[in-house]
Each structure stands twice: as C-alpha cells, then as structure tokens.
Amino acid sequence: MLKKDILDLIDNFEREIWKFDDNDKLYNDMHYIYSIEKEIKTSDESNIKPIYDKLIALIGMIRFKYGFESIIIKSNQELENLKEIIEGFSLNSNDIINQYNYISKNKNMDFIKNNYENKQGKEGLYLAIESLKSLITNDEYRKLLNKSQINNVLIDCVKLNNGIANIN
C-alpha cells in the first residue's frame, strides 16, 4: 500500500458521502478522515500500515453511522444495541480499529427483512435478496469476498428492499 493508494481511497470515499444522510454530524466526523489525510502526506512510507488500518476503520464507522448500512441498522429493532454502540462511539477513540472489527464481523443476516416475501409478481426480487443474504452468510462464499464487497452486498439488499435498486 502506497501513500498515493491511500489518498485515492480518501478521494473515492469523499465522492461516496454525497449519498449519505446530509447533516452536520457527518461533516464533523469527516474531519477525522481529513486529519488522516494530513498524517499520510507527512508520514514515511514504512509507517503507513497503522494509518491505513485506522482509515479503514474510520470509513467503516462513518458508513455505519450515515450510509446505507445505517438504514439497515436504524430500521430494525433487533439492532437497537448495535445502533447505540455505533452512536456512542467516538471516532477519536484509540480503540476505533477493534470497535470497527467487532461491529463488522456480524454474519447473521436475519435482521434484513425481505419486503417481497409472499408478494405475487415480486418473486425475482425475493429470490435476489435471499441469494445476496446467503452469499455473505455462507463461509465458503464469504472467503471469496473482501470487506468492501461484503458491504456492497449489504447495500444491494437495502436498495432492493427500498425500491431503489437502480442507484449506481
């Protein structure tokens, strides 16, 4: 991983946040990403791995708080405890990496409700959501996906359930 790759990751994430809930909290939390950007620009290439790990955790937590992941979490009462953990956690914490890893390892997809179950004419959408859920709960298939791809599958489930599957 080179500095340029990490800076590109930050740029790509900045382009992604336009889809998130637009609020002051998001923009306040983004200053942690910008501080990482400054740190990367001034750091030595040999010390970049811990900075990268922290950046990945920060991006992940921001997605949990404001992205499509937050829609999943906020719309399910079973995830109230997870919502409280995410909302109460400071992005300035020294434990951000462990906290992110703890939250992101949830493989139980039962909380994703399928809005198309037993609805005539929607069989294809029902099967699509069930297929996406099984993709990330099956350990053999999950090994083939990286964290970003798993997040994309979760996002696709939300898009399908909310009738906005054509969003890029």
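Reader: What covers the buried residues of α6?

Author: In this predicted model, the cover over the buried residues of α6 includes α3, α5 (80–88) and α9.

Reader: And which residues of α6 are the buried ones?

Author: They are Ile 96, Gln 99, Tyr 100 and Ile 103. Viewed along the axis of α6, these buried residues fall within an arc of 100 degrees, so they line one face of the helix.

Reader: Why would residues three or four places apart point the same way?

Author: An α-helix has 3.6 residues a turn, so residues at that spacing point the same way.

Reader: Which residues are exposed on the other side of α6?

Author: Asn 98 and Tyr 102 are exposed there.

Reader: Back to Tyr 100, then. How many aromatic pairs are counted, and what makes the one between Phe 64 and Tyr 100 tilted?

Author: The count comes to two aromatic pairs.

Reader: Are Phe 64 and Tyr 100 buried or exposed?

Author: Phe 64 is buried, and Tyr 100 is buried as well.

Reader: Let me step back to the whole chain. How many helices and strands does it have?

Author: The protein chain has nine helices and zero strands, and its pattern along the sequence reads α-α-α-α-α-α-α-α-α.

Reader: What share of the residues counts as buried, and how much area does the chain expose?

Author: Of the 168 residues in the protein chain, 39% count as buried.

Reader: What part of the contacts with a separation of 6 or more comes from residues 24 or more positions apart?

Author: Such residue pairs account for 65% of those contacts in the protein chain.

Reader: Changing topic, how many salt bridges does a search of the whole structure find?

Author: The search finds four salt bridges. One of them joins the side chains of Lys 4 and Asp 8, with an N to O distance of 2.8 Å. Lys 4 and Asp 8 are four residues apart in helix α1 (residues 3–16), and are therefore separated by about one helical turn.

Reader: How do Lys 4 and Asp 8 stand in terms of accessibility?

Author: Lys 4 counts as exposed at 55% relative accessibility, whereas Asp 8 is partly exposed, with a relative accessible area of 30%.

Reader: Which salt bridge does Glu 16 make?

Author: The side chain of Glu 16 meets that of Arg 63 in a salt bridge of 2.7 Å, N to O. That pair links distant parts of the chain, as Arg 63 lies in helix α3 and Glu 16 in helix α1, 47 residues apart. Arg 63 is buried with a relative accessible area of 18%, and Glu 16 is buried with a relative accessible area of 18%.

Reader: And what does Asp 29 bridge to?

Author: Asp 29 forms a salt bridge with Lys 65, where the closest N and O atoms are 3.0 Å apart. Here too the pair links distant parts of the chain, with Asp 29 in helix α2 (residues 24–42) and Lys 65 in helix α3, 36 residues apart.

Reader: Why is Lys 65 classed as buried, and what does it touch?

Author: Lys 65 has a relative accessible area of 9%, and because buried means under 20%, it counts as buried. Leaving aside residues up to four places away in sequence, Lys 65 touches Asp 29, Ser 70, Lys 74, Ile 86 and Phe 89.

Reader: Last topic, helix α7. Which residues are buried there, and what do they pack against?

Author: Ile 129, Leu 132, Lys 133 and Ile 136 are buried in α7. Seen down the axis of α7, the buried residues fall within an arc of 95 degrees, so they line one face of the helix. The buried residues of α7 pack against α8 (139–142) and α9 (147–161), while the face turned away from the buried side carries the exposed residues Gly 124 and Leu 127.

Reader: What span should α7 have at 1.5 Å a residue?

Author: The 15 residues of helix α7 (residues 123–137) should span 21 Å, and the end C-alpha atoms are 21 Å apart, which agrees.

Notes:
Residues numbered from 1 in each chain as written. Predicted model: local features only at pLDDT ≥ 70, side-chain atom pairs only at ≥ 80, totals over all residues. Heavy atoms only, no water. Phe/Tyr/Trp six-rings, centres within 6.5 Å; stacked < 30°, edge-to-face > 60°. Buried < 20%, exposed > 50% of the residue type's maximum accessible area, 1.4 Å probe, protein only. Helix = DSSP H or I, 4+ residues; strand = E, 2+ residues; numbered from the N terminus. Expected span 1.5 Å × (residues − 1). Arc of directions from axis to C-beta. Contact = heavy atoms within 4.5 Å.
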